[in-house]
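Hi there,

Here is the structure I promised to pass on. My notes follow below it.

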Amino acid sequence: MSDLILADNEIREAEAASEPVGDDTQRRPARRFGVRGLLQYAVLAISVVVVLLVIGFALFPSVFASGDPLTGVPAEKFEAPSAQHWFGTDNIGRDVYTRVVHGSGLSLTATLLAVGIALAAGTLIGLLAGSIGGIVDAFFMRVVDVLLSIPALLLSLALVTALGFGTVNVAIAVGVAMVASFARVTRSEVLRVRRATYVEAAFASGVRWPTVLFRHILRNSYAPVISLAAVEFGMAILAVSALSFLGFGAVPPTPEWGSLIAEGRNYLAVAWWMTTLPGLVIVAVVLSAHRIGHQFDRSGHR
């Protein structure tokens, strides 16, 4: 019996010795994780570059496109993308790239205003509902439920119809439609934080309620809200562009991203670049904002 045990042990030792050190099956997950991590950081870096580039468009449009976005050369109409006209020309010879760059200012201003309205109003509603509770919480949350039950674009369209045309009115309509999301996230974070030991200790030590509310509760619950703001920034660009596409934004010929796509829809057969290239710019900015927002959210949960 002992001979069988010794023989079995020798066989196992021989099999263990025959296995190469650092087997590929063991290295592959680590290598795959490393490649995946590098790819994620590369995508994040590209997203940051795209957002910074568009912000540069909005702040210094003449640096990136020195031409006039409102006038064109009729003899150069419907020219395809080239080294001279990166995004081609439109139906009256205006450079589409120049109009995209100069239209970034109005589009991003409306987007930032919309996100700012939603962030301020939603944070205040969620903070009051989560910290006070009771009837106040029930009232605000029923209002939020009603807002969440209506599609955001439909609500924005109804509001901008009542407010009237203009970039500011578009921003207000989009911002009001996004308030419910910020209020819901803020309330959930406030409910989590207000049960923390340091909050109860602050109340027990006699610290005034407003001080605890803003210094302890709000200060420790804003991270997911900021992440949501980065994600909603992309959705706000889509909503602002959609309303501009429908004609509720700036008055033509003032360029806006949505209106640029609307101007080119009648010439898809002969000038596809008039709609496709401005649309790709919007897609790139939206995806970049989403990627940065998810990175903020991931960093906040570590």
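**Salt bridges and cores**

Asp137 is buried, at 13% relative accessible area (buried means under 20%, exposed over 50%, partly exposed in between, with a 1.4 Å probe and protein chains only). Its partner in a salt bridge is Arg187, at 2.7 Å from N to O (a side-chain nitrogen of Lys or Arg within 4 Å of a carboxyl oxygen of Asp or Glu). Arg187 sits in helix H7 and Asp137 in helix H5 (residues 134-149), so the pair ties together parts 50 residues apart in sequence (helices are DSSP runs of H or I, at least four residues, numbered from the N terminus). Arg187 is buried too, at 18%.

Before going on: this is a predicted model, where local features need pLDDT of at least 70 and side-chain atom pairs pLDDT 80 or more, while totals for chains, interfaces and linings use all residues. Residues are numbered from 1 along each chain as its sequence is written, and side-chain values use heavy atoms, without hydrogens and water.

Arg184 and Asp145 form another salt bridge, with the closest N and O atoms 2.3 Å apart. Arg184 is partly exposed, at 29%.

The largest nonpolar core has 44 residues, and Val174, Met178, Ile237 and Trp257 have the most contacts inside it (a core is a set of buried Ala, Val, Leu, Ile, Met, Phe, Trp, Tyr and Cys residues joined through side-chain atoms within 4.5 Å). Helix H7 (167-193) is one of the elements giving it two or more residues. Apart from it lies another core of 9 residues, including Leu127 and Val199.

Happy browsing!
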